[in-house]
Amino acid sequence: MTFWKIAALNVAVSLSATAAWAETEITLWHAMGGQLGETVNKIAEDFNASQDEYKITPVFKGSYEETLTAGIAAFRAGEQPNIMQVFDAGAATVIGAKGATVPVQDLLTQNGVDFDINNYISGVRYFYADADGKMIGMPFNSSSPIMYYNVDALKKAGVEAPKTWEEFQSVTAPALKDAGYIALAQSHLPWIFTENFMSRHNLPFATNNNGYDGAEGTQILVNTDALKAHFTAMTEWKDQGFFEWYGTGWDDNQKAFDQGDVAIWLGSSGSFGGLMSKDLGFEFSATYLPYWESVTKEPTQTFIGGASLFAMAGHDAAENEATAKFFEYLTSADVQYYWHKETGYVPITEAAYELAKSDGHYDRFPAAEVGIQQLSLPGGENTKGYRMGFYVQIRDVMNREYGRILTGETSVEDAFNAIEKEANDLLARFAKTQG
Amino acid sequence: MADLTQAGAVARPLTRPRKRIRWNRIVDHAVLITGSLFMVFPVFMVLTTISFEDVDIVQKGLQIGLEGRMAENFHDAMFEASGFTKTITGTRMLMNSLILGFGFAIGKIVISMMAAYAIVYFRLRFATFAFWIIFTTLLLPLEVRILPSYEAIQSLGLANTYTGLIVPLIASATGTFFFRQFFRSIPEELVEAARIDGAGPVKFFIDILVPLSRTMIAAIFIIMFVYGWNQYLWPTLITTDEGMFTLVRGIKQIVQVLSQTGAKIPEYGKALALSMIAMIPPVLIVIFFQSWFVKGLTESDK
Amino acid sequence: MKRAGFTTVWLPIALLLPQLMIIAIFFYWPAAWAVQSSFYLQDPFGFGSTFVGVENYTDLLGNVEYGKVARFTLIYTVLVTFFSLALALLLAVKADAVISGAKTYRTLLMWVYAIAPPVAGFIGLMFFDQRNGPLTQMFQAFGWDFRLGADYTSTATAMVVVAVWKQIPVNFIFFLSGLQSIPKSVREAALIDNRSATGRFWDVTFPLLAPTAFFLLIINITYALFDTFGIVDTLVRSEPGNNPVTLVYKVFVDGFRGNDLGGSSAQSVLLMLLVLVLTVFQFRLIERRIHYT
C-alpha cells in the first residue's frame with residue numbers, strides 16, 4: 001500500500017516546513033499520573049523557561065505498559081516521540097531492539113554534554129546498561145522496594161523494625177498481632193519478593209549472567225529452595241494472621257497500611273512523597289528490606305525499580321541535541337534534588353545526593369534516605385540488574401501463580417514449576433524474535 | 001411489529017376474578033419496582049456520593065446523603081484544567097466526545113446508505129460479492145485488529161485527528177446491513193414508477209429514498225451516536241494529544257490515576273462527577289428519543 | 001437479487017467506493033496482517049522476525065492457562081447470557097402486563113443501555129471495593145469473604161453482575177417488543193384455553209417469543225465475548241494477576257501489554273474462526289437479523 005507512504009510523506013513535508021522557524025520541539029511520553037505527573041510537568045515547564053532554543057512537551061500515556069506499547073506502535077509507524085519512559089520490566093524489549101534507541105551515553109557525548117558513569121550512584125549505573133557497561137537508558141525515576149512501618153504500632157507492640165525475616169516471624173509479627181495489627185502487607189510480589197529477593201540475597205536470577213549476555217538460551221532461576229521457602233513462610237504467616245494479601249493491585253495493599261490496619265508495608269521508595277502528603281493518622285518511618293539470615297549473612301543492595309528515559313532513534317540532529325540538553329538539565333543536581341524531594345524517587349547522581357544531604361533533607365525526613373542508602377549497599381555479582389525478554393508477561397505469570405498460592409488454589413511447589421516452565425517458554429520465544 | 005410507545009394502549013381482557021388480579025398486580029409491580037431499582041440505584045448512589053469530600057469517599061466509599069461538595073465537584077470536573085498543556089477540561093472532553101459521537105453516526109449513516117443503495121438498486125455483477133466483502137467485517141471486532149489499524153492510521157498521518165478517531169470505527173458492516181434490509185422492504189413498484197416518471201438514480205435516491213428513510217435514519221443515528229460516544233480503546237490509542245481526549249478515555253485515565261503508586265488523596269469526587277457527565281448526553285438522548293431508539297434497535301428483527 | 005434496478009455502472013461503483021476503501025484499509029489489511037504475523041515471532045519494534053510456522057498455534061493449544069481462560073470465557077458467557085436474558089424476560093413480561101406506570105418502568109429499565117462499559121466498570125469498582133463497597137459489605141454480612149481483585153470467584157462474580165446489569169436493557173427492549181407484537185386474538189384465545197398464567201406463558205407466549213430469544217442468544221454471546229472488554233479491563237484495573245479474564249482480554253494483554261505480536265495474532269485468528277462459526281450459525285438459524293456494532 002504505497003499510497004499511504006506517499007500521503008504520509010506529504011504530511012511530513014508540510015509539517016516540517018512549518019516547524020522550521022520555531023524553536024526545536026521535542027516530546028516525552030511518560031507514565032507518571034497524578035502528583036508525579038504534575039512534578040514532571042513542572043520540570044518540563046522550568047526547562048522550557050530556562051532557555052529559548054528547545055521546547056519539550058510531556059504527554060501522559062497511561063500505565064507503564066500502555067506507554068511502552070504506544071511507543072512501540074508509534075515507532076513502527078515512524079511517529080515515535082523523542083523520549084520514551086520505559087519501566088524496569090520493559091528494559092529488555094527496548095535494549096534488545098538495537099536501532100530503536102540512541103544510547104544515552106552516545107547521545108550525551110555527541111552533543112557536548114559531559115558524561116561519566118561514575119557520577120551516577122552505584123545502584124543505578126548498570127541496570128539500563130548493555131553487557132559492556134554502556135548506559136543505554138537514562139535512569140530517571142529510580143526507586144527501590146523498602147520497608148515502611150507504622151511507628152506508633154511498633155511502639156505499642158514494643159518492637160523494633162525487623163532486620164531479618166527470622167526476627168520478623170519470631171519476634172515482630174507475634175507482638176504486632178497481640179497489639180491488634182496485621183503485621184505485614186506488600187504491594188508488588190514479583191518486584192519485591194522475586195526480583196529484589198534475588199538482589200538482596202545476591203542470588204542469580206537468570207542464566208547468561210542474569211540475561212545480560214544475550215537472549216539466546218537465557219533461563220529463569222526462580223524454582224529454587226530459597227525462594228520457595230520464602231513463599232512457604234508467607235503462606236504460614238498468612239494462616240497465622242501475620243500477613244495479608246489484598247490482590248495484585250498496588251493500591252489495595254497500600255490502603256491497608258494507610259488506614260492503620262497493617263503495621264509494616266513493603267512499598268516503593270517512590271511512595272514516600274505520596275505518604276507524606278496523605279496526612280496519615282500515625283507517624284511512619286522506613287528502613288531496609290529484611291533478608292533471610294539462613295540464606296545470607298551479608299545482604300546486598302537491591303535493584304532499582306521505576307523507569308528510565310530512552311532517546312528514540314529516527315530524529316534529526318537538532319531534535320537529538322534538544323533531547324541531550326533536556327537530559328543534561330534533568331540530571332543536574334538541582335532538578336534531581338527537586339524530583340527526589342517531591343516524589344521520593346532516589347536522586348540518581350552523587351552530586352544530587354550530596355546536595356540533598358547538605359540541604360538537611362534527611363535530617364528533616366530520615367526515611368527519605370532509605371531508598372538511596374539501600375541502593376548504595378555493597379553489591380555482588382548478581383545485583384547489577386537482570387535482562388529478560390517478554391518480562392512483562394513473565395511478571396503477569398508470577399502475579400497469577402503467587403495469587404493462587406495465597407488464595408490456596410495451588411501449592412508453592414506447583415506454582416514455581418508452572419512459573420519456571422511458562423517463563424522459560426516465553427524466554428525461548430523472545431530469543432526467536434531477536435533472530 | 002407493534003410500536004412500543006403504544007404499550008399502555010394494548011387492550012387487556014376485562015373479565016378476570018377480582019381477587020386474583022389484585023395479587024397478580026401487586027407481584028407485577030413489585031418485580032418491576034425491584035428491577036427498576038436495580039438499574040437506577042447504583043447510579044443514584046454515585047450521584048449522592050459526589051456531594052461528599054474526597055477524604056470521606058476514600059474512607060467510607062459510596063455514600064447516601066447530601067453534603068455540600070456537589071456543585072464544586074461538578075465544577076472541577078467540567079472546568080479544572082489538567083495535563084501539561086492545561087487543555088484537558090471536562091468541557092473540552094465533552095466537545096471531543098460530541099464530535100466523535102456525531103461524526104461517527106453521520107459518517108456511518110452516509111457511507112452505509114450509499115453502499116446499501118448501490119447493492120440493492122443496481123444491476124451490478126459484483127453486488128453480491130461486494131455484499132459479502134462488507135459482510136465479513138462483522139467477523140473481527142476492533143479490539144482484535146487494533147494494532148495494525150493503528151499502524152495504518154499512523155502511516156496516513158492521521159493520529160491525533162478527528163478523522164483518525166472516527167473513520168476506522170466506521171469500518172464495519174452493521175449500518176450497511178441495516179439499510180440493505182430496509183431498502184429491500186420498500187415496494188419495488190416505487191422504483192418502477194420513478195423510472196417511468198423519468199427519474200434518474202440520483203434523483204430517486206435524494207427525492208424518494210432518503211425522505212422515506214427519515215425515521216430509520218433517526219433511529220440508527222441514536223444507536224450509532226451512543227456506540228461512538230462510548231468507545232474507549234481506540235481513542236486511548238489514537239489520541240496522544242491531550243486536547244483530543246474524549247470523556248470515556250478521560251475516565252479510564254482517572255481510574256488509573258486513582259490506583260497509582262503514591263498518589264495524593266485521590267480525587268474521587270471529581271472522578272465520579274466526570275463519569276456522571278460522560279453518561280448524561282447519551283442517556284438523555286436515549287430517554288427523550290425513546291421510540292426512535294427502540295425502533296432502531298429492534299427494526300432489523302423483521 | 002430480483003429487484004428491478006438501475007443499470008448505470010459508474011454510479012454504484014462510486015457509491016460503494018468509500019465503504020470499500022475504508023474496509024480495505026481498516027479491516028482487510030489489519031486482518032491479513034494478523035493472519036500473517038500469527039506465523040511469525042516478531043521483535044516488537046519490527047527489527048527481527050522469525051518464521052515459525054504453526055508454532056504459535058501449537059504453543060497456544062498446548063498451554064494449560066489458555067485452556068483455563070477459554071473455560072472461564074465459556075462459563076462467563078453462559079452466566080451472563082442466561083441471567084441477562086432471564087431477568088430481562090421476567091421484567092418484560094411484567095412490564096407487558098401492567099397498565100399503570102408502564103411507560104415509566106420502560107424508561108427506567110432501558111436507559112442503562114447508554115452507559116459506556118468502562119463507566120459501568122468504574123461504578124462496579126466502587127460497589128465491590130474491598131474495603132468499603134456496599135455490595136462487598138453485604139456479601140460479608142452473609143459470611144462470604146468477598147475480595148475483588150484478590151479472590152478469583154469474587155472478581156468473576158463482580159464481572160458477571162456488572163455485565164448483566166449493562167445488558168438487561170437491550171434484552172428487555174427486544175422481549176417487550178416481541179411480546180407486544182403477539183396479536184390480541186392469540187392472547188384472548190389463550191386466556192380461554194388455559195387458566196393459569198404460568199401455563200399460558202410457557203404454552204403460548206414463550207414459543208411465540210422463541211425467534212426473538214434465539215436472536216438475542218447470539219447477540220448476548222457476542223456481547224459477553226467481545227463487548228464486555230471495557231468492564232473486564234476496569235474491574236481488574238489492567239492488572240490481571242490471578243483474576244479471571246476473557247479470551248479477547250487475553251489477546252489484548254499478550255499483544256498490547258506483553259508485546260508478543262505473534263502469540264496475540266494467533267489468538268486473534270482463533271477468535272476470528274469462533275466468530276465465523278457463530279455468524280454462520282446465526283445466519284442459518286435466524287436469517288436476516290443483525291447485531292449493530
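At what angle do helix H5 and helix H7 of chain C pack, and how far apart are their axes?

## Helix packing in chain C

In this predicted model, helix H5 (residues 117–127) of chain C packs against helix H7 (residues 152–180) of chain C at an angle of about 135 degrees, and their axes are 10 Å apart. That angle makes H5(C) oblique to H7(C), and H5(C) passes H7(C) in a right-handed crossing.

From H5(C), the residues C:Pro117, C:Ala120, C:Gly121 and C:Gly124 meet C:Val162, C:Trp165 and C:Lys166 of H7(C). Sorted by class, this contact of H5(C) with H7(C) has 4 nonpolar, 2 polar and 1 charged residues.

## A buried asparagine in a loop of chain C

C:Asn242 is found in the loop between helix H10 (229–235) and helix H11 (247–257) of chain C, and it counts as buried because its relative accessibility is 1%, where the cut-off for buried is under 20%. A polar atom of the C:Asn242 side chain lies 3.1 Å from the backbone oxygen of C:Ala150.

## A partly exposed glutamine in chain B

B:Gln59 is found in helix H2 (residues 54–60) of chain B and is partly exposed, with a relative accessible area of 45%. With neighbours within four places in sequence left aside, B:Gln59 is in contact with A:Gln259 and C:Asn132.

Along chain B, B:Gln59 and B:Val120 are 61 residues apart, and their C-alpha atoms are separated by 61 Å.

Technical notes: Residues numbered from 1 in each chain as written. Chains lettered and ligands numbered in written order. Predicted model: local features only at pLDDT ≥ 70, side-chain atom pairs only at ≥ 80, totals over all residues. Heavy atoms only, no water. Axes fitted to C-alpha atoms, helices over the stretch in contact; angles between N-to-C directions. Helix = DSSP H or I, 4+ residues; strand = E, 2+ residues; numbered from the N terminus. Parallel < 35°, antiparallel > 145°, perpendicular 65-115°, else oblique. Left-handed = near helix turned anticlockwise from the far one by under 90°. Contact = heavy atoms within 4.5 Å. Nonpolar A, V, L, I, M, F, W, Y, C, P; charged D, E, K, R; others polar. Buried < 20%, exposed > 50% of the residue type's maximum accessible area, 1.4 Å probe, protein only. Polar contact = N/O pair within 3.5 Å; in protein donor to acceptor, adjacent residues only side chain to side chain.
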